[in-house]
Amino acid sequence: MSYVKSLKCKECGTEYPIEPRTVCDVDFAPVEVCFDYDAMRGTVTRESIEAGPRSLWRYKDLLPIESEPRAGLRSGMTPFLRADRLAAELGVRELFIKDDSANYPTFSYKDRVVSVALTKAVEFGFDTVGCASTGNLAHSVSAHAAAAGLQAFVMIPHDLEEGKIVGSLVFGPRMVRIKGTYDDVNRLCSQIADKYHWAIVNVNLRPFYTEGAKTHGFEIVEQNGWRIPDHTVVPVAGGTILPKVYKAYREMIDLGLVEDTGPKIHAAQAEGCNPVVTAIEEGQELFRPQKPATIAKSIAIGNPADGFYVIDAVSTSGGGGASARDPEIIDAVKLLAATEGIFTEPAGGTTLACTIKLIESGQIPRDESICVCITGNGLKTVEVMSEHGAFAPFPAIEAKIKAFDELVKQIDEEVVPTPERAAG
Amino acid sequence: MANTVTVMIPTALRQHVDGQDTLEVGGDSVGEVLGTLTQRYPDLGQRLFKAADELNRFVNIYVNDEDIRFLDNLNTSLNAGDELSIVPAIAGGR
């Protein structure tokens, strides 16, 4: 049974039927899926969720589909771990990692939003799906489209890194390289969606697509023993995931699944692209767009159209924001790897580096529970670590035990990442 | 004599300007040009402006492909032959 009611403009409240839609016709503001929570109460319970499949679709009742999932049947339910070694390093009592670097099949949180978007595309009768992307989204759309038997057109800026091109191409999409920036690609995609009647997942299916991000939040709560962490730190790019993690928490509270403990949500951005965090720190409702300049390319969006909703969620929850410099991002990637055995991409390094700053400034008290949201995998951006990781060079040795003995003698103090270094 | 610039109208707003996709408008600043347009086409003005001198935050204005928020907002000055684009904000992800 579907609990979906309508689409509703987030600004003026105009309602629309369930249909592919990019923005409100009246004021061009984003539209959001509305659910019938009254009908859910008592039926959508901890037990009903726990009885669901071991994937993000256990939260199907809170996702905007009419019938059965058509994509991402094994996506979600990524590891949620209590990071005791990292907590000890940072001097905090309780710290958790929600690890979407392990998501299936493309190792980023994007598998969540794409699973919902492609199911919806099939429900609407589309046979071609697409996206504008510079990385994780293209990869995810290509993989899920292949598995669902849908044609995919992936529009990318012409100078995307080879690893991401090949990673997507192998699934057989039609990849179109655009002479321009990501913003040019995005603008073109809205024209394409209009003219060709394709499902461009982050354009004309966006209201459905974004709902998939709630599952990152639902899983945190369920895997934490049906408790919301006191503090959740989320990276901000286009502004999709943070507001939806907060919406997930609020829906669970509203349905009586968990207690309202006043959870705070915090925004993490790179210093080289931090329009939203700047607005939060200045107490502004509107952000000023920026021209990005950071190694954290997957979160380098200077004009996030959902940025207003990030600011709104953070301030409503009583949270804050922080920005990390590129060297701090790299050090945080290494710190997470060295303490918890997780290799995340720069976006994840950004989130951890910002968490450290929020702890040190006192915005996150050391005795309150913290969840750091890791959204992508470091193996997909390995060249960033090659270029900036500052790994000490190590020449090859002879295959002789004496040579090895020499080497062991020479191994002095290794460059161990420390919290001080990661906080800058 | 004020400069004449070309204003590009997006599909979603053409119904408010008798279906035209470009208009030639005189004005020395973005605010002046949009003001003239609003006088001529009040329905367009309603969609562009939230209040007097306050643009709808979901409409982006570009002068020669540069977002006016990187220039001088409504005070951005214009030269003859400039291209002013009205683009509804596109929520995009990566």
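This is a predicted model: local features need pLDDT of at least 70, side-chain atom pairs count only at pLDDT 80 or more; totals for chains, interfaces and linings use all residues.
## Domains of chain A

Residues are numbered from 1 along each chain as its sequence is written, with chains lettered from A and ligands numbered from 1 in the order in which they are written.

Where the two meet, twelve residues of domain 1 of chain A are in contact with 16 residues of domain 2 of chain A (contact: C-beta atoms, placed from the backbone, lie within 7 Å). On the domain 1 side of chain A that touches domain 2 of chain A, two residues are nonpolar, six polar and four charged. Here Ala, Val, Leu, Ile, Met, Phe, Trp, Tyr, Cys and Pro count as nonpolar, Asp, Glu, Lys and Arg as charged, and the others, Gly among them, as polar.

## A sheet in chain A

Now for a sheet: four strands of chain A form an open one in the order 8-7-6-9, with parallel pairing. Strands (E, at least two residues) and helices (H or I, at least four residues) are DSSP runs, numbered from the N terminus, and two strands pair if DSSP finds at least two bridges between them. The edges are strand 8 (174-178) and strand 9 of chain A, each pairing on one side only.

Strand 6 (residues 128-132) and strand 7 (residues 151-157) of chain A pair in the parallel sense over five bridges, and Val129(A) stands opposite Ala152(A) in strand 7 of chain A. Helix 5 of chain A packs on the sheet, touching strand 6 and strand 7 of chain A, and its direction makes about 170 degrees with that of strand 7 of chain A. Axes are lines fitted to C-alpha atoms, for helices over the stretch in contact, and angles run from 0 to 180 degrees between N-to-C directions.

A few spots in chain A are worth a look. The peptide bond from Tyr104(A) to Pro105(A) is cis, with omega near 5 degrees. You'll find Pro105(A) in the loop between strand 5 (95-99) and helix 4 (110-124) of chain A.

Phe28(A) isn't a glycine, yet its phi is positive, near 65 degrees. It sits in the loop between strand 2 (15-16) and strand 3 (31-35) of chain A. Phe28(A) is buried, with 26 other C-beta atoms within 10 Å (buried means 20 or more such atoms within 10 Å, exposed 12 or fewer, partly exposed in between, with C-beta atoms placed from the backbone). His197(A), also not a glycine, has a positive phi of about 55 degrees, and lies in the loop between helix 7 (182-196) and strand 9 (199-200) of chain A. His197(A) is partly exposed, with 13 other C-beta atoms within 10 Å.

## Where the chains meet

Between the chains, 29 residues of chain A are in contact with 16 residues of chain B. Helix 7 of chain A gives the most to the chain A side, with four residues. By class, that side has 13 nonpolar, ten polar and six charged residues.

## Strand 7 of chain B

Strand 1 (residues 4-8) of chain B runs parallel to strand 7 of chain B, joined by three bridges. Strand 5 (residues 59-63) of chain B pairs with strand 7 of chain B in the antiparallel sense over five bridges, and Ile61(B) has Ile86(B) as its bridge partner.
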